[in-house]
Structure formats: structure tokens, C-alpha cells
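This report covers selected local features of one protein model. The sequence and structure come first.

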Amino acid sequence: SAILNIMQLAEDKNITFRQTPNLFEVKTSNIEVSTFAGIPIVEFKRTPLDGWGKIIKRIFDFVFSLIFLIILSPIFLLVSLIIKITSPGTVLFTQQRLGPDGEFTFLKFRSMRCGAEKEHQKFIKKHGNMFKLKKDPRVTPFGNFLRKSSIDELPQLWNVLKGEMSLVGPRPPMPEEVKLYNHWQKKRLTIKPGITGLWQITGRSLTDSNLTFEDWVNTDIYYIENWSLWLDIKIMIKTIWVVISKKGAY
């Protein structure tokens, strides 16, 4: 081809050869080059989490979720007692959520009155998919504190330990929410959902957490396509900061 002839000429003349990528090459940066029978093979990966990245992330999740569960066990006990004393119902709120392997039982400390989830479909119709209300009438007084401090999220460490979730990743959606997704939006389901993620530190840093659903999806897809262990660590550190500063928390 013309490109090969130019490359050969450049090599003969000791000239550095550079080429701008075409549109297909620009579309993805996650590539891996190998050879088969002496022929170079270029593999285009959807995410750095394909292959070894997935294994490294799972080891990281398992080790740190176990450490956090042990260290935070006194808080688990105290919060459970207060929930039980201040409002009737169970200590834990359970709900079916979706991940790349299908449905799983999602855990949180209960911050709403019992039966509040039955009103969720009505709230979706009124406020849109993946809504987040500043003053949700279903939240109990102690539940409001749990949400602002993000303590209500701690039981999800058990989901992480079991391998259903990750410490960092997209927010796990409910099945009825996913029914409203288009093909592009379903890309956020290709990796394990997380307790925190870019969606949280971005949303909480904005006034009133006004991330639109499209912004949310774009943030998740950016994370999926650009994952690294260092990115996870930075997100976890920033999450601690925004929780302590209570930016956009409700």
C-alpha cells in the first residue's frame, strides 16, 4: 500500500515517520497488540477492565471491603440500634438492582419509612429516571442524617465482598429504571456497579447536585473507558472529602 511504501522510504532515508489516526483509531484508546503466526493482531478493548484489569480490581475490592467491614463494625452496631429505636421496620433496606451478571440484592441502612419503595414508580414519572430529591418526604429524621453522612451506604461493603458490586463504579440501577434505557445508556451496565464513583464526586461538587441523567451516563461511560487502579484510589479519596464537607449530600 501507499503507506507501506512511504514507511519504507522514510526508513531508507533515516526519516522519522508519523501518521495521524483515522476516525476508527481515534474512537478507542484501549488497544492491545499481539502476534499470531507472525502476523500482528490489534485487539480493541471496550475497557481496561477487560482481562487483567478486572482481576486486579476484584482483588482490590475484596481486600479493602473486608478491612472496612472489620474496622466499621462498631458503627454498624450503633446505627442498627438507633434505626430500630427511632422508627418501626427493618434495620436494612433491601432492593433488587441490576449489574452485568443480572439482578442482585442491594443493601443499605433504611433511611425511609417502611413501604416507601412502593412510591418509587410515581416519583420516576414525576421527576425522571434516577431522580434525587433534596427534600424527599419519605425520608425519616435519622435517615436524613444517614444520607447526608453517607453512612446508609456502608452495608454495600457486603455486596462488594460477595462480588456483586465494586468499591468504585456506576450507580446500580433498579430493573424498572433499566427498562427506560436506550442502547447507549445500557453501556453503564457492562461493569460492576459501585458504592461510589465519578458520578458521586462530580454530582456532590455541583450546586444542588444537578447532574442530569445524560451527564450521569456520560460520567459512567468515561469511567468505564478510562479505568485505572489509580483512578479508583483518587475517587475514593475525593469521596471521603465530599462526604466530610457534605457537598450536595441529601
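## Helix α3 and its surface

Leu66 counts as partly exposed because its relative accessibility is 36%; buried means under 20% relative accessible area, exposed over 50%, and partly exposed in between, with a 1.4 Å probe and protein chains only. This is a predicted model, in which local features need pLDDT of at least 70 and side-chain atom pairs count only at pLDDT 80 or more, while totals for chains, interfaces and linings use all residues. Residues are numbered from 1 along each chain as its sequence is written, and side-chain values use heavy atoms, with hydrogens and water left out.

Leu66 lies in helix α3, residues 52-71; helices (H or I, at least four residues) and strands (E, at least two) are DSSP runs numbered from the N terminus. Helix α3 also holds Ile70, which counts as exposed because its relative accessibility is 58%. Between the C-alpha atoms of Leu66 and Trp158 the distance is 8.3 Å, with a sequence separation of 92 residues.

## Strands β3 and β4

Strands β3 (residues 92-99) and β4 (residues 102-109) run antiparallel and are joined by eight bridges; two strands pair if DSSP finds at least two bridges between them. Leu92 has Phe109 in β4 as its bridge partner. The two strands form a hairpin, with two residues between them.

## Helix α6

Helix α6 spans residues 141-149, and its buried residues include Phe142, Gly143, Leu146, Arg147 and Ser149. Ser150 follows α6 and has a positive phi, near 65°.
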